Amino acid sequence: MTKVTVCGAAGGIGQPLSMLLKLNAQVSQLALYDIVNAAGVAADLSHINTPAQVVGYLPKSKDDKDTIKEALKGSDLVVIPAGVPRKPGMTRADLFNINALIVRDLVANAAQACPQAAILIISNPVNATVAIAAAVLKKLGVFNPRKLFGVTTLDSVRAETFLGGLIGEDPASLKGKISVVGGHSGDTIVPLIHFDKTIAAKVKALPEQAYKDFVHRVQFGGDEVVKAKNGAGSATLSMAYAGYRFSEYVLNSLANKEIPFSIPESSYVHLLGIGASSLSQKLGGPEFFSVPVILRNGQVQSSLDPFSLVQTEQEKQMIETAVKGLLTSISQGTSFVEGLKL
Amino acid sequence: MVKVTICGAAGGIGQPLSLLVKLNPQVTELSLFDVVNVPGVGADLSHINSGAVTKSFLPSSREDKTALADSLKGSDMVIIPAGVPRKPGMTRDDLFNINAGIVQSLAEGIAENAPKALILIISNPVNSTVPIVAEVLKKKGVYDPARLFGVTTLDIVRANTFISQLYPEETKPTDFEVRVVGGHSGETIVPLYSLGAKSHFEKLSDEQKKTLINRVQFGGDEVVQAKNGAGSATLSMAYAGYRLAESLLKASAGTPVTECTFLNLDPSIKGAAEAKKLVGGLEYFSFPVKLSKDGIAEVEYQILEQVSDAEKQLLAVAEEQLAKNIEKGVSFVNK
């Protein structure tokens, strides 16, 4: 019996993400929460012939504080894509003011209704919203750092795709052979692609500029889609897929299914809380960092030290740059919650 | 090398459908065609780490036919969700005028650029749009009835889900494989529960049986109402359309698969002549069919010889309505 709740289920990411979750036979209950259109999306998905029972949750008014709690009650996995997307010219940080409040409120409710749940944060800017989520959970006395995940999987997906195109490999075969660490915006995103000898050799054979362009593309892949959509939104389908890919990882760990690939998925997690305080120190103190995580029973059991995957001077420098950017975002998120009444 | 083209890729069905097709490892090329927003959808999907190379095609003006042509060239499979969806109170037939024109142009493009492609029609009203495509292809001299599919898969998906919901403790939707024949709207939809879910169906009261069948027939209305003006089924339709595409891809790779589909009962297809006799001579009807790399290999018409008396009555109603829907489609092209 696995209950999954999607907060923001009727949005651009939420809808295809919810569809993919509905197609996963491990899910027995799928709760879809949103402030508009939740009933329609739920009716639609409920017709699909897979085991998950789908229920839509739409608050009756702005003051309705109960519906969200019903949606979250007893959930094993809460996925949060809720919020507004970027328009051309905006950075993820520009979304902060609106999305910070949304994440704060949703996580506060999860703390009460499903304190045992694994929480996946998709809402941008992830670098800060995860810090917000942690601060809220701490304030309410239910913070389990092993169960709070900032979803950075799309950066890995992009790295696998773009590298595949560059070195002539099937992108599907690159999962687990490269890793993306750091944060989830611009130069806080650090692709590590030299630790697999075969791939490293192919990358080294490329012109320097091709490698630089690859790194830039992974870091600013989101902008590429925002531009192509020309005001109509940001990545939705690829984000839904990536969010689902990580959700599936969590669901598999809840079902004790073996995960076959060598380097596990990365996630933006609380380093001290998952037993990686020495890594945090080595990095220069960021509270959160995306690292490859090994999951067991829906939570982080251990992580890989990204420095063990670093092979070049450039990669080392990218990590330093990432840390600088992250320290600022994390502090922004944590300050936002301090002094708030919850 | 499998190229799939989706016409209407940026729409409510098109987007999640394109996502599912992009994730299929057998697809090597994915072409997305639409009249708005498709470059953004293409850029988005192109970032996914699966093998299909994704390209978008947006016409530069109303008169530009090259975008469609380029999206279709060399395609092995064309899926068409393009068109407008229903609003509350509308029947699928109300969409006819707009969607008929859209489907006709797309069919012309297919005739010129991908005459051998497997064609999956989602655009409603399917009962009429499939005959439209057939007539266009006939006029161009490239028609192969074994390659034309009206997608009714959502009715099968619903039939399985709805009976399982009546037995929530003891069943899952995946426990059933109910065949649904006839057409793809209201009373033309005939779920054959007496064959696919016999024991569970028999336990129901007459009232429950009626309600269940009605629900399968008007399941689409349920979603249109719940969406309250915001559209019709998109995600479940994307999944259902994908399911048929996936079955065809599996069949192409050698796995025997049977799916229900709304097809032209042309005598060139094995079992079609017998099937046609069983449905009062109708040219089009949905039957379970064996799939192959060349499309429909055989119509499993025998199923209609095994139906219950109650189902015979449903079939009679379905046949009467379908005759009109089919005629409407045929006339549209030949006016």
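**Notebook: domains, a site and some helices**

I began with the records: an unreviewed UniProt entry places the feature "domain: Lactate/malate dehydrogenase C-terminal" at residues 152–332 of chain B. UniProt positions are given in the numbering used here, feature names are shortened, and annotations may be inferred rather than shown by experiment.

I noted that this is a predicted model, where local features need pLDDT of at least 70, side-chain atom pairs count only at pLDDT 80 or more, and totals for chains, interfaces and linings use all residues. Residues are numbered from 1 along each chain as its sequence is written, chains are lettered from A and ligands numbered from 1 in the order in which they are written, and side-chain values use heavy atoms, with hydrogens and water left out.

I looked up the make-up of residues 152–332 of chain B and found 51% helix and 15% strand, with the end C-alpha atoms 22 Å apart. Helices here are DSSP runs (H or I, at least four residues), as are strands (E, at least two), numbered from the N terminus. For chain A, the unreviewed UniProt entry puts "domain: Lactate/malate dehydrogenase N-terminal" at residues 2–150. That stretch of chain A is 38% helix and 17% strand, and its end C-alpha atoms lie 21 Å apart.

UniProt (unreviewed entry) marks H184(A) as "active site". I found H184(A) in the loop between β7 (179–182) and β8 (189–192) of chain A. Is H184(A) buried or exposed? H184(A) counts as buried because its relative accessibility is 2%; buried means under 20% relative accessible area, exposed over 50%, partly exposed in between (1.4 Å probe, protein chains only). Leaving out residues up to four places away in sequence, I listed its contacts, among them R92(A), N124(A), D155(A) and I189(A). Contact means heavy atoms within 4.5 Å.

**Helices α5 and α12 of chain A.** I checked α5 (residues 126–139) against α12 (residues 313–337): their axes come within 7 Å and cross at roughly 40 degrees. Therefore α5(A) is oblique to α12(A); angles under 35 degrees count as roughly parallel, over 145 as roughly antiparallel, 65 to 115 as roughly perpendicular and the rest as oblique. Axes are lines fitted to C-alpha atoms, for helices over the stretch in contact, and angles run from 0 to 180 degrees between N-to-C directions. The residues that meet include A128(A) and I132(A) in α5(A), and L326(A) and F336(A) in α12(A).

**Helix α2 of chain B.** I found seven of the nine residues of α2(B) (38–46) buried, including V41(B) and L45(B). Their cover includes α9 (221–229) and α10 (237–254) of chain A, and α1 (14–22) of chain B.
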